[in-house]
Amino acid sequence: MSRPDRREASQLRALNCSLGQLNRADGSAQFSAGNTSVVSGIYGPVEAKVYEEKLDRAVVEVKFRPDIGAPTTKDKWMESAIRNTFEREILAHLHPRTLVQIVVQLREGDGSVDSAAINATSLALVDAGIPLKCMVTAATCAVLSDDTTVVDPTQEEIDAARSTHTFAFASGSPTGPLYVDSRGEFTMDEYNHCYDLCALATERVLAFMRTAIEGKVTKEAKISAA
Amino acid sequence: MASVKIVLPGDIIDTRREEEDTAQQEPNVEDEATVIRLGPGLVQSSESVSAVTAGVLHSNSETNRWWVAGNKRRYVAAVGEPVVGVVVARHGEGYRVDIGSAHDALLPQLAFEGATKRNKPNLAVGTVVYGRVVVANSVMDPEIECFNSNTGKSEGYGELSEGFMFKCSLGLARRLIDTKAPVLAALGNGVPFEVAVGVNGRVWVNAESVATTILVANAIRNSEYLDAKQCRQMVKELLEKQ
């Protein structure tokens, strides 16, 4: 069965990103895959409120704003997913008693929003210069009703899918995923297949991110060297 | 320009290359004796060195120092760096100064040239000061001083009266600190002005007229993504319009 947008099963949608778009944030990035588009802004390390500050590490706070309307329970779930993914990857002990605030704004949601949000946040953290253990990249897979597995599904495919799976991986570390979100009914074989597909997809996303960041750094380095 | 090595967080840095070079020159030196000093953007994790921020990898083969130069917008205080701050509160023995880092810096009342218990400067909230960071670590609030505590001389630090302060990226501020910064040199040839650059991404400028102050501030802000030649052209155009 061919996909609605005629992609191959393991093909990602066209990726696009831009760094440092928001001029009042300390770091920001927009990440889009096809029609799904997310902007992430980083503020930090800034002074934490007395009741939330931790004496030995930075506090990571995530706010997720949907494209339409006020945040709902689903969005709170997304906030905790992003926080759990990045809390261990940010070297929080380097900036004790501070707050790193991550604000994620969904611009348009057309499936695979959670992986796009994680990718955007990863780029924004790099743009803000927050110390990170490694890059984090995520990808989504869906198992359709005819048992085929597709990467980076659109909302149309997710609605028709039996199960969807999102995995986030840390670059260069073989120690399993940082974040797993599986919804629907699936067998263990299907899960493992999705795991492998997503692991491959995140490698491609990482290569894309590397190119984007290298482009920005080269641009700045050229000027300071001149 | 030599090939630029750009690193991303998580990249493992191969620092051994340098060690081998020195080992070849001086066969007596053991590998253990070679101490590598890591600067900003690098951390040691068990046996290897990895980057934690994105930027250009630099190394000095003589001192065996390694660091990553990137651009940021949020300042993290480091000892000895000149900063421009704004007084936000007065205390019994000093001032609280906003230097753009996570926590406000302390500025003791006696940390000025010629200040004594009887005779000390009286700064109002909102005053802009140029100081140098003397205490900076992650567990304490930073502290700044407006004189050199060894010589007792101000060395250009102190209250910045009049003028205009604006913010820029930390990368631009570091480039402006260099006396050869093309935009400042080009401006200096055209109009007289005073400038105080803080590496916390704050720049204070003052000139004879308000119009000139604004011109200088705009020129510096425009120079973020311009090379030396483009800077000179941009300044020339601005001066012609004035």
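Everything here comes from a predicted model, where local features need pLDDT of at least 70 and side-chain atom pairs count only at pLDDT 80 or more, while totals for chains, interfaces and linings use all residues. Residues are numbered from 1 along each chain as its sequence is written, and chains are lettered from A and ligands numbered from 1 in the order in which they are written.

Take residues 11-131 of chain A: the span is 26% helix and 35% strand, and its end C-alpha atoms sit 32 Å apart. Helices (H or I, at least four residues) and strands (E, at least two) are DSSP runs, numbered from the N terminus.

Now for the chain contact. On the chain B side, 25 residues touch 32 residues of chain A, counting C-beta atoms, placed from the backbone, within 7 Å. β6 (55-60) and α2 (170-177) of chain B each bring at least two residues to that side.

Within chain B, α4 (residues 210-222) packs on α5 (residues 228-241) at about 155 degrees, axes 10 Å apart. The axes are lines fitted to C-alpha atoms over the stretch in contact, with angles from 0 to 180 degrees between N-to-C directions. The pair is therefore roughly antiparallel, meaning over 145 degrees.

| Helix | Contact residues |
|---|---|
| α4(B) | B:Leu215, B:Asn218, B:Ala219, B:Asn222 |
| α5(B) | B:Met234, B:Val235, B:Leu238 |

Definitions and conventions:
Parallel < 35°, antiparallel > 145°, perpendicular 65-115°, else oblique. Contact = placed C-beta atoms within 7 Å.
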